[in-house]
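Here is a short briefing to read alongside the model. Have the viewer open and follow the topics in order.

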Amino acid sequence: MPPPKDVVKIAIQMVGAIPQLIELQQTKPLASVLKDVCDAWSLPNAERYALQYVDGRQTYITESNRGEIKNGSILRLTTSPDQEAVQLYSGIQSNNSDVKTDSLKKLASLSQDVTFAQEFISRNGLKQIFHIVEEGNDTGEMLAHTLKAFMELMEHDFVSWETLSAAFIKKIVSYVNMNTVDASVQQLSLSILENMVPTSRLLFELVKKEVTLDRLLTHLQVTNAQLQLKAMALLIALLLTATDAERRDMMDYLREKNIRHFIHKNIIHSSEPLGDEMAHYLYVLQSVSLNLCEHRMRTSMDPYSQEQRELLQSLRQTAFELESEAPASNFSTERRRSLCAKEFRKLGFMNNSNPAEDLRRAPPGLLALDNMVYFSRHTPNAYSRFVLENSSREDKHECPFARSSIQLTLILCEILHVGEPCSETAQAFYPMFFGQDHFFEELFCICIQLVNKTWKEMRATQEDFDKVLQVVREQITRTLSLKPTSLELFKTRVNALNYSEILKLRQTERLHQEETLAVPVLELRKRLKPELLELIRQQRLLHLCEGTLFRKISSRRRQDKLWYCRLSPNHKVLHYGDVEEGVHSPPIESLPEKIPVADMKVLLVGKECPHTKEKSSGKQNKDVLELAFSIVYDVEEYCLNFVAPTRYEFCLWTDGLNVLLGKEMTSERTQTDLDVLLSMELKLRLLDLENISIPDTPPPVPKPPSNLNFCYDFSHAEQ
């Protein structure tokens, strides 16, 4: 007979005593349970003790979390959180440096527990930590433990960051700005400032003023990867919290200091592999930089702006003034206006009498004008060749420069997500972005010449304009998917992917689709599908057995805490637990928390997850919604919440968990994998039928013969 649901069998340890094996009644008050445990070991004052997990984060057991105790859990009888808080509060005030250091070290460890943190903070413990930092001169191990304890206590959100004193903040800033200080102290100081910056405008301005961009750039140039990472985290926090004008000024200054070149050389192409956290920060830096174009992209041209009119006229003058036989000033106003209109038509403007009208559409707005001017000024030969070459073609075959530029700018904005908020989890950045100062403009210069090249290859007319731009979009996206490391490499690859190559790729995809739609092939697909779906199920479970590293993400910031989850080889238990940075595949024994697969009830995804409901519903959380999933388990319906690092991991984990729950795999990755496997299997099976058309209906079966005399009679065979 199975034990009642409100009874769990556990072991309780104590140093120097024989462990107790007890049946914990979950309905019995925790104080009574502790009294019974202490009585068994003849310990007085049961109220001074508490139970704590032996493994993992060693969390204290309270009435609120006792329901998480599982059968087979190992607990430890230890000093209660309030007693520990009293002892450590006294210990960190000791005049003995060894006692003080040990107390701070233990405080940093215990502060991860929410129960202890509450007790310590309620005894005004933070005030004592402030005193140690503000009054102390130590810059070594003792200070590192103090700052670590402070960070852990603040993680629980019992105290607002805005309550920090100016003296404390200035001291933290001084550790960042000092050269002769322990690296671990600088890392913690940078993390504290990173947490502080988004909480209030006042703190942002204080940190921005005290920690200069030059100082952060100095930290980015060290060889210590962790210090480099924390400096980048603070830089990103400052950029994301700044106003648009401040962000533009900061980015301009970083451009002057050649930060892109340094990142391209020393971070992206360093000997050390790029971590997920740094990849995310580089993505954010790329996104913030590209979003500086948003204002121009969303601003229509003002026909009454002298500056904008001059930019527009400079396009015409650069292309045609040299070839004019006589100065325009010699012509009458009417003649000059007629000549300008003719030249703007040659430039490819739809409204040649008032070309500003073409730039009224936003997006791409003034960004298209900026790109055209950049192209004309920085590559004048290519610009003149483009315009003059098309001026000499027949009207219907000329490639309109201005119209193409406007549409191409819009395409590039869509591909590069200009104007979209930064994702909280994305890590996809283009390495070539950091190899070029004016990335967007230089990319435009390459792609506008690609438009002209593709136009000629397609022998296009004005009616084919949209078709040409569709091909160009495909050329750009296919080349960007290869992640070229430099613009030169991008240029080489995108030009190699000419119109004939695009046609070949399209034809291959179309033929493949036609082959797979034949009736006999569809029947074969239907027969192969169950076998291949089982193969996908096995792959998903194997991936869960290998496990994945997940990040904890709060509503306040992207956290740097990691945890790992993996399925046991027998597919019966999910193991998970916190891990340190740099641990990629921890052994299953090191993951203390467990969830039996039999206890799993349902899988939730996206908006249904409890941890997404807690977050604010802004655009910036759209990516979290797309990557979030939760497992509801046990009769109490507890939840284990995930935010997958990538969409790929999200698909594999949700599929794997659905397999464990006995449900269908529903992710888009399942269909993609199934299509790939079916395609390969069909090609192998139909290899002998290459270049043979498969009929839609099977050939008729012939009638049986009138007699079977042609059969061999084995009864008359020679002996």
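**Cysteines, rings and a sheet**

Cys445 has a relative accessibility of 4% and therefore counts as buried; buried means under 20% relative accessible area, exposed over 50%, and partly exposed in between, with a 1.4 Å probe and protein chains only. This is a predicted model, so local features need pLDDT of at least 70 and side-chain atom pairs count only at pLDDT 80 or more, while totals for chains, interfaces and linings use all residues. Residues are numbered from 1 along each chain as its sequence is written, and side-chain values use heavy atoms, with hydrogens and water left out.

**Cysteines**

- The structure holds zero disulfides, a disulfide being a pair of cysteine sulfur atoms within 2.5 Å.
- Cys445 is in no disulfide, and its nearest cysteine sulfur, that of Cys447, is 9.4 Å away.

**Aromatic pairs**

- A pair of aromatic rings is described by the distance of the centres and the angle of the planes.
- There are 25 aromatic pairs in the structure; rings of Phe, Tyr and Trp (its six-membered ring) pair if their centres lie within 6.5 Å, and planes under 30 degrees apart count as stacked, over 60 as edge-to-face and the rest as tilted.
- One of these pairs is Tyr89 with Phe120, an edge-to-face arrangement with 6.5 Å centre to centre and 65° between the planes.
- That pair links distant parts of the chain, 31 residues apart: Tyr89 is in helix H2 (residues 81-91) and Phe120 is in helix H4 (residues 114-122). Helices (H or I, at least four residues) and strands (E, at least two) are DSSP runs, numbered from the N terminus.
- Tyr89 counts as partly exposed, at 26% relative accessibility, whereas Phe120 counts as buried, at 0%.
- Trp563 and Phe642 form a tilted pair, with 5.0 Å centre to centre and 45° between the planes.
- This pair too links distant parts of the chain: Trp563 belongs to strand S6 (residues 558-567) and Phe642 to strand S11 (residues 638-643), 79 residues apart.
- Which residues do ring pairs link into a cluster? They are Phe550, Trp563, Tyr576, Phe629, Phe642, Phe650 and Trp653.

**Charges over rings**

- Arg260 lies over the face of Phe433, 4.1 Å from the ring centre; a charge sits over a ring if NZ of Lys or CZ of Arg is within 6 Å of the ring centre and within 35 degrees of the ring normal.
- Arg403 takes up such a place over the face of Phe465, at 3.8 Å from the ring centre.

**A four-strand sheet**

- Strands of a sheet pair through backbone hydrogen bonds, either parallel or antiparallel.
- Four strands form an open sheet in the order S2-S1-S4-S3, with mixed pairing; two strands pair if DSSP finds at least two bridges between them.
- Its edge strands are strand S2 (20-25) and S3, each pairing on one side only.
- Strand S1 (residues 7-13) and strand S4 (residues 74-79) run parallel, joined by three bridges, and Leu75 in S4 is the bridge partner of Ile12.
- Strand S3 (residues 49-53) pairs with S4 in the antiparallel sense over five bridges.
- Ala50 has Thr78 in S4 as its bridge partner, and Gln52 stands opposite Arg76 in S4.

- Ala644 is in the loop between S11 and helix H28 (647-660), and it is buried, with a relative accessible area of 1%.
- Not counting residues up to four places away in sequence, Ala644 touches Phe550, Leu627, Phe629, Glu649 and Phe650; contact means heavy atoms within 4.5 Å.
- Leu533 lies in helix H25 (residues 519-546) and counts as buried at 16% relative accessibility.
- Leu533 touches Met665, Thr670 and Leu674, again leaving aside residues up to four places away in sequence.
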